[in-house]
Amino acid sequence: MSEEQSPWLCHICERTSTANDGVTCSECYTLCCRHHMTTATTRDPDNGLYQLVLICAHCQFKRHLS
């Protein structure tokens with residue numbers, strides 16, 4: 001039995017696809033296509049170390065404005 005692929009929608013460009021998976025933003029938890037994702041650093045409050053996370057372009061701009 002094969003798995004059924006559900007379509008997803010990029011919340012920035014509204015592109016839909018079933019061919020590949022969308023990427024979830026680590027800050028707003030919405031789906032985006034890979035074109036609108038970037039790698040950013042964030043500090044882990046538990047151990048104080050920096051870690052790499054994937055964030056969408058919208059959250060990246062919000063970081064720069066605040």
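Residues are classed by relative accessible area, with buried meaning under 20%, exposed over 50% and partly exposed in between (1.4 Å probe, protein chains only). The structure is a predicted model, in which local features need pLDDT of at least 70 and side-chain atom pairs count only at pLDDT 80 or more, while totals for chains, interfaces and linings use all residues. Residues are numbered from 1 along each chain as its sequence is written, and side-chain values use heavy atoms, with hydrogens and water left out.

Along the principal axes, the C-alpha atoms fill a box of roughly 45 × 30 × 15 Å. Of the 66 residues, 23% are buried.

One salt bridge is counted, defined as a side-chain nitrogen of Lys or Arg within 4 Å of a carboxyl oxygen of Asp or Glu. The bridge joins the side chains of Arg63 and Glu27, with an N to O distance of 2.5 Å. Arg63 belongs to helix H1 (residues 57-65) and Glu27 to the loop between S3 and strand S4 (31-32), so the pair ties together parts that are 36 residues apart in sequence. Arg63 counts as partly exposed because its relative accessibility is 31%; Glu27 is likewise partly exposed, at 34%.

Asp44 is located in the loop between strand S5 (37-43) and strand S6 (50-56). Asp44 is buried but has no salt bridge, and the nearest side chain of opposite charge, that of Arg43, is 8.7 Å away. For this assignment, Lys and Arg count as positive and Asp and Glu as negative, with His and the chain ends not counted. The side chain of Asp44 reaches the backbone nitrogen of Asp46 at 3.1 Å. Beyond its neighbours within four places in sequence, Asp44 is in contact (heavy atoms within 4.5 Å) with Leu49 and Gln51.

Thr24 lies in strand S3 (residues 23-24) and counts as partly exposed because its relative accessibility is 41%. With neighbours within four places in sequence left aside, the contacts of Thr24 are Tyr29, Thr30, Leu31, Met37 and Leu54.

Note on methods:
Helices (H or I, at least four residues) and strands (E, at least two) are DSSP runs, numbered from the N terminus. A polar contact is a pair of N or O atoms within 3.5 Å; within protein, one must be able to donate a hydrogen and the other to accept it, and residues adjacent in sequence count only if both atoms are side-chain atoms.
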